[in-house]
Amino acid sequence: MPPLQISAEHARRFLVRRHLLAPPRALPAKPESVLEVVERLGSLQFDPLEVPGARNHDLVLHARVGGYQRRWCEEWLYGPDRRLIELYNKSLNMVPIHELPHYRVTWERWGLQVEDGILKEQADVAQAILRRLKSDGPLSTAAFSEHGHAVDWWWAPTRASRAVMEALFVAGRIGISRREGNRRYYDLMERLVPAELLKLRESEEDGMTRRLLSRFRATGMTTPVGTQAEVMYSAGSTAERIRRTERLVADGELLPVEVERLKGPRYIVAAEKPILDATEDPTAMPPAGLTFLAALDPLVWDRRVLRTLWDFDYLWEVYVPQAKRKWGYYVLPLLYGERFVGRIEPRIDRRARALKILGIWFEPHFSPMEEPGFIPALRDALEAYGSFVGADTVSWPRTRVGREVGRALRGLA
């Protein structure tokens with residue numbers, strides 16, 4: 001079928017609406033809203049850093065769910081009615097547990113590597129861990145101090161117990177039963193996943209095709225070619241991705257679209273065509289709301305689209321040396337309506353229950369004091385964020401913009 005032709009403005013409206021951000025924090029304040037977000041996006045990326053007051057997946061959920069509470073996600077991940085599971089899909093992700101058969105190809109591919117590698121080299125350690133988990137699980141690496149000798153691992157030498165447990169995890173033999181902070185407690189996979197689900201198998205081709213579809217679900221609109229390494233990582237070669245994308249179009253799973261300013265066709269989830277139709281008219285959009293997006297939010301995965309479609313150049317500078325940072329260590333994008341208008345660096349002082357804004361910067365085309373409705377929207381976003389991270393007060397940086405924003409907010413009181 002010929003691609004649908006849409007404007008850049010229409011594409012922005014569609015993406016914000018389908019990402020459940022128009023308006024932000026609009027889903028009901030209940031645990032089931034977490035499942036709605038994950039079903040829409042396909043996966044949530046896990047990152048252990050909690051610098052702005054919460055981890056990445058919690059920030060993603062807070063931006064979409066009113067009154068979001070972290071325990072809601074943890075209940076679905078680790079509670080008796082487990083609906084989500086952690087596994088590798090581009091990175092460490094949380095995915096719906098009913099989609100597990102689509103991702104078994106990940107276990108199988110990793111299994112080939114680690115079974116002939118560290119699990120063979122450290123066979124005694126692996127057997128000891130599996131026996132202990134069977135009798136005493138769930139357990140963390142701290143329970144295996146007797147296996148503390150160093151081995152070569154992914155990034156650097158590490159303790160044998162940790163490396164072996166991670167190898168067993170990526171191969172699907174053990175899973176994350178719960179977390180205490182960022183400490184993982186592992187258990188045998190058959191204790192975490194219903195037996196009937198664990199038995200289901202797909203061909204490698206079907207599994208890789210579903211993995212590719214998960215990238216389109218996450219971003220909302222992307223391409224299988226080009227420099228989308230972050231988006232399409234481990235979803236096959238370029239030729240394989242193109243072939244599988246054509247299959248998904250033929251099967252009615254994806255729709256091709258051509259977007260003003262973007263080269264080549266993009267693809268959207270076919271079931272989201274009604275959202276595309278509903279966002280054609282700009283007057284149908286709700287009043288603009290403001291939210292602080294997570295650094296690894298699926299909406300900002302595709303940095304090239306951010307630059308081309310939104311004229312917003314965003315880089316998460318956690319891994320940039322301090323002297324070379326343009327903005328700050330952990331800076332979040334500011335999404336106002338369907339526009340990226342700036343960035344903010346929040347930091348929580350838990351002991352003082354204080355939210356400290358280390359910096360706030362606006363795009364050259366955006367004047368916060370002149371934009372009708374922006375300051376009230378910022379107040380609402382700050383109140384929601386402060387409540388989420390447990391802060392009673394907010395302080396602003398001693399910059400010109402920081403002082404202006406602080407005065408404007410006090411003027412609303």
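**Buried loops, a mixed sheet and crossing helices**

Trainee: Does L20 count as buried or exposed?
Mentor: At 13% relative accessibility, L20 falls under the 20% limit of the buried class (over 50% is exposed and in between is partly exposed, with a 1.4 Å probe and protein chains only). This is a predicted model, in which local features need pLDDT of at least 70 and side-chain atom pairs need pLDDT 80 or more, while totals for chains, interfaces and linings use all residues. Residues are numbered from 1 along each chain as its sequence is written, and side-chain values use heavy atoms, without hydrogens or water. L20 therefore counts as buried.

Trainee: Where is L20 found, and what is its phi?
Mentor: L20 is found in the loop between α1 and α2, where helices (H or I, at least four residues) and strands (E, at least two) are DSSP runs numbered from the N terminus. Its phi is positive although L20 is not a glycine, with a value near 65°.

Trainee: How exposed is R261, which also has a positive phi?
Mentor: R261 is found in the loop between β9 and β10, and its phi is about 85° although the residue is not a glycine. R261 is partly exposed, with a relative accessible area of 41%.

Trainee: What is omega for the cis peptide bond that joins G137 and P138?
Mentor: P138 is found in the loop between α7 (123–136) and β5 (150–151). A cis bond also leads from A22 to P23, and P23 has its place in the loop between α1 (8–18) and α2 (32–41). For the bond joining G137 and P138, omega is about 5°.

Trainee: Which strands stand at the edges of the open sheet?
Mentor: The sheet has three strands in the order β1-β9-β10, with mixed pairing, and two strands pair if DSSP finds at least two bridges between them. Three bridges join β1 to β9 (residues 254–259), and these two strands run parallel, with Q5 opposite E258 in β9. Each edge strand has a single partner, so one side of it is left without a neighbour in the sheet, and these strands are β1 (4–6) and β10 (266–269).

Trainee: What angle does helix α13 make with β9?
Mentor: Helix α13 (residues 238–250) packs on the sheet and touches both β9 and β10, a contact being heavy atoms within 4.5 Å. Axes are lines fitted to C-alpha atoms, for helices over the stretch in contact, and angles run from 0 to 180 degrees between N-to-C directions. The direction of α13 makes with that of β9 an angle of about 110°.

Trainee: Which residue forms a polar contact of 3.5 Å with the side chain of D58?
Mentor: D58 lies in helix α3 (residues 56–62) and counts as buried at 1% relative accessibility. Leaving aside residues up to four places away in sequence, D58 touches Y68, R70 and F388. A polar contact is a pair of N or O atoms within 3.5 Å, one able to donate a hydrogen and the other to accept it, and residues adjacent in sequence count only if both atoms are side-chain atoms. The side chain joined to that of D58 in this way belongs to H57.

Trainee: How is α16 oriented relative to α17?
Mentor: Helix α16 (residues 374–389) and helix α17 (residues 400–412) pack with their axes 10 Å apart, at about 90°. I375, P376, L378, R379 and L382 in α16 meet V405, A408, L409 and L412 in α17. Angles under 35 degrees count as roughly parallel, over 145 as roughly antiparallel, 65 to 115 as roughly perpendicular and the rest as oblique. The angle thus makes α16, relative to α17, roughly perpendicular.
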